[in-house]
2 protein chains.
Amino acid sequence: MIRRPTLAVVAEAAGVSLKTASRVLNGEPNVAAATRERVQDAATSLGFRRNAVAADLARGGFSRLVGFITGDLANQFYSALASGIERELREHGLQLLTASSDEDPAREGSLTGELLERRVGALIVTPAGADHSALQAEIAAGLTVVAVDRPAAGMDVDTVVIDNRGGTRAAVDHLLARGHRRIAFVGDEPHLWTYQERSTEFLATMRDAGVPDAERLHRSGAHSVAAARDLVVELFAAPDPPTAVLAANNRVTVGTLQALRDAPGGDDVAVVGFDDFELADLLGITVVAYDAVEMGRRAAELAVARSADPARPVELVVLPTRVVARGSGERPPR
Amino acid sequence: MIRRPTLAVVAEAAGVSLKTASRVLNGEPNVAAATRERVQDAATSLGFRRNAVAADLARGGFSRLVGFITGDLANQFYSALASGIERELREHGLQLLTASSDEDPAREGSLTGELLERRVGALIVTPAGADHSALQAEIAAGLTVVAVDRPAAGMDVDTVVIDNRGGTRAAVDHLLARGHRRIAFVGDEPHLWTYQERSTEFLATMRDAGVPDAERLHRSGAHSVAAARDLVVELFAAPDPPTAVLAANNRVTVGTLQALRDAPGGDDVAVVGFDDFELADLLGITVVAYDAVEMGRRAAELAVARSADPARPVELVVLPTRVVARGSGERPPR
DNA sequence: CTGTTAGCGCTTTCAA
DNA sequence: TTGAAAGCGCTAACAG
């Protein structure tokens, strides 16, 4: 492997000291124009490329990298986050280091370790585990941590989430306004924070509307499309079935649609799904939508802000949601 | 910001030399068990965390980072690639640095530069631009480059692609076998390599089947869902319309479905789409599918292999595709 | 089995 | 406006 020219080589070629070359290549002021030009020429002709590894080491402290630890990069939602994060970081000359935890808390821990070894200046996390005590120590040592999509249990860090409660309430109101009373709620695993928010608000909204016994049509545990489908099939096999379904996330929505497609009269059931998805438009599915890319961008923004000013107050950003009516949610009760 | 303990501090606390501490913490052999334990204890009690930045610099050459430059991380397909890459890299103790080019060649260039400054050991690229001459010099300097999804024009590097031609032929044969002759092809921008492969093979397969004038129903330029929809509407407004459509990628497939939904008799038209997508199953769309995560994994594998042995012959990996019949592609011609 | 001595390529005082 | 010298925290010979 061919050696790359170092700053020293460039300096020598330009007939200046190492420091002067450094000044020029970093765009620092106080260099004579002629000198500047000489250095620049030498650098380009030698094919010089600064070594960011060495630069970060010499500067001490943190590297110009930011880590993002997430459940599964292949997941539409997380990759939208990553995209927003990366874009914002780039504006600030930072680079993004991504790592997938597969939603496994143990793995989340080891990934955190690896990123810390790389001396990331900030860590953006979609917290999977419940115990982040290890991170606490790091925060004390000056590490910036930002939680995105859900809060980090027991940690007082900057956080970006969407308005889960408001979105849920809007969705339920949307259905109530069209005359539905027997509205089913189908949610993911109960230990998930987003589930809890949505579930709680569903029940509260129903109660506020004076609908008794909303729990009867309230289900959880639909972590996969298949599980959601089964749950919905079951709901419609029972007496006094729902006339509308609020699917608490996009996987549940798909499962619900599968179940309704095969059920007699399934076409008449109103459906509102939480989370937008690519073909919801084509399928005419009414959803509670929000901007995941923006969510990532805001998280990165917070990370940058805190790195710059560690003393600033901890911030909680709540992004809005909106109901996008596409047909499925506007059907009247049978 | 609190200072982190360095190796020297750990060594001192354990009463050994710096090098011995280094040996223990890197799991190198030839250390007495007692010493090992002493060092390990000191490290944990001090909360030591090795500095990968310093380690990489000391080792010289490349860092243990691999860069991935891609069109748009928010895109389902690219994020699947990223996911596969990241997983494979982790197996080898490497970390992934991602960057989105927005399919802009200029941006691709500057991102390349930034990653090179970080001294990435390899660069995995979905080449957007046509001119990679800058990269050529880097390859000569020992950089490993792997192209994924499409070849890098004019560069002789390891490459992972899918069998675009085989997939196209299989799709066309699938339709021909059901009696279709008036088969339309709707493709993306003609300058895209994948378009060219699919387009060419479509025409060749039609010719081989003895279908004259296949060009009549052959269209390109559908870079967005809307453009695809318009193109399909147009095809069906003309006399002697197709009885089947081969949509050359998933965006085109969606546009095609939108157009057919609104067209009289659109339900009878057979549709096969290139690229699988999340709800194809629910919608009953027959597609040419392949494994994007695996594609990423293979690319990372090649990157690792070449870094280990720069002299190995350049490899071209062609991943298989398969037709997944779900209904839309099995309709007979009217 | 363990330690000593040089750097890696850059930034950063502090002088000149 | 420019330069000299001292590290950043670690690895890598090479000795003992």
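**Cavities and an open sheet in a predicted model**

The second largest cavity is lined by A:V53, A:D56, A:S63, A:L65, A:R118, B:V53, B:L65 and B:R118. The model is predicted, with local features needing pLDDT of at least 70 and side-chain atom pairs pLDDT 80 or more, while totals for chains, interfaces and linings use all residues. Residues are numbered from 1 along each chain as its sequence is written, and chains are lettered from A in the order in which they are written.

A cavity is a set of points, on a 1 Å grid over the protein atoms alone, where a 1.4 Å probe fits but cannot get out; lining residues have an atom within 4 Å of a point. The second largest cavity has a volume of about 50 Å³ (the space filled by probe spheres set on the points). The count of cavities of 30 Å³ or more is two. The largest cavity holds about 60 Å³. Its lining comprises Q76, F277, E278 and L279 of chain A and Q76, F277, E278 and L279 of chain B.

In chain A, six strands form an open, mixed sheet in the order β7-β6-β8-β9-β10-β12. Strands are DSSP runs of E, at least two residues, and helices are runs of H or I, at least four. Pairing requires at least two DSSP bridges. β7 (218-219) and β12 (322-324) of chain A stand at the edges with a single partner strand each, so one side of each lacks a neighbour in the sheet. β10 (286-289) and β12 of chain A pair antiparallel over three bridges. A:V288 has A:V323 in β12(A) as its bridge partner.

Definitions and conventions. Heavy atoms only, no water. 1 Å grid on protein atoms, 1.4 Å probe; cavity = no way out; pocket = protein on both sides within 12 Å on 5 of 7 lines; lining within 4 Å.
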